[in-house]
Amino acid sequence: MSTASVSVRPGTVLADLLPASRVRDIALVAGGAALTGLAAQIAVPVPGSPVPVTGQTFAALLVGTALGARLGFLSLAVYALAGAAGVPWFANGTSGAFGASFGYVLGMLLAATVVGALARRGADRSVLRTAGAMALGSALIYAVGVPYLALSTGMSFGAAVAAGLTPFLIGDALKAVLAMGLLPAAWKLAGRS
């Protein structure tokens with residue numbers, strides 16, 4: 001076991017602590033997509049909503065934060081494209097591009113990119129900054145997901161907010177609290193490895 005300290009330069013995300021290579025990038029992108037697909041299988045139905053509570057959004061935000069904007073986007077793009085093409089790894093083992101919750105998947109692409117860019121600026125290094133990044137990422141997911149839900153189901157925008165945003169706020173707060181502990185702790189651990 002080494003007692004050497006990791007030198008962390010500004011603009012670094014957790015993925016950068018691994019030696020850079022094309023193989024590393026491919027593995028991280030595939031791993032992030034697979035993690036998101038696995039987390040999507042943790043799904044709890046919400047009465048009155050076609051959208052379940054899942055671990056998918058949490059995974060997407062962690063992937064973006066840990067991999068940075070470029071690799072985070074690519075990872076979520078692989079997840080979205082593979083699911084749209086028929087890989088059954090959206091919530092509850094579903095797939096396809098026209099389901100009521102596909103807008104949330106598209107929102108995750110945007111969110112992973114933005115939180116990844118923020119992580120490059122240190123947004124994952126402290127509890128408060130992580131909370132802000134997670135809140136912004138969640139808001140971006142809803143900004144795409146809720147209108148898509150309304151359009152795909154014929155719901156009014158107000159009904160889509162009631163069915164596709166409001167029931168999820170407490171869960172999102174809990175996911176943010178978890179991220180607020182995990183990400184800064186990972187950096188502290190990396191600094192001591």
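Let's start with helix α1: its 19 residues reach 27 Å from the first C-alpha to the last, close to the expected 27 Å, where the expectation is 1.5 Å times one less than the number of residues. Helices here are DSSP runs of H or I with at least four residues, strands are E runs of at least two, and both are numbered from the N terminus. Bear in mind that this is a predicted model, in which local features need pLDDT of at least 70, side-chain atom pairs count only at pLDDT 80 or more, and totals for chains, interfaces and linings use all residues. Residues are numbered from 1 along each chain as its sequence is written, and side-chain values use heavy atoms, with hydrogens and water left out.

Which residues of α1 are buried? The list includes Arg24, Asp25, Leu28, Val29, Gly32, Ala33, Thr36 and Gly37. Buried means under 20% relative accessible area, exposed means over 50%, and partly exposed is in between, using a 1.4 Å probe and protein chains only. An α-helix has 3.6 residues a turn, so residues three or four places apart point the same way. Among the elements covering the buried residues of α1 are β1 (43-44), β2 (53-54) and α2 (56-85).

That brings us to Gln56, which sits in helix α2. Gln56 is buried, at 7% relative accessible area. Setting aside neighbours within four places in sequence, the contacts of Gln56 (heavy atoms within 4.5 Å) include Thr36, Ala39 and Ala40, along with Tyr79, Phe90, Ala91, Val105 and Met108.

Now look at the segment before α1 (22-40), where you'll find Val13. With a relative accessibility of 0%, Val13 counts as buried. Beyond neighbours within four places in sequence, Val13 is in contact with Thr65, Ala66, Leu67, Gly68, Gly116, Ala119, Arg120 and Trp187.

Zooming out, the chain has six helices and two strands, in the order α-β-β-α-α-α-α-α. Its radius of gyration, taken over C-alpha atoms, is 17 Å, close to the 16 Å from the globule rule for 193 residues, so the chain is as compact as a globular protein of that length; the rule is 2.2 Å times the number of residues to the power 0.38. Buried residues make up 45% of the 193. Of the contacts with a separation of 6 or more, 69% involve residues 24 or more positions apart.
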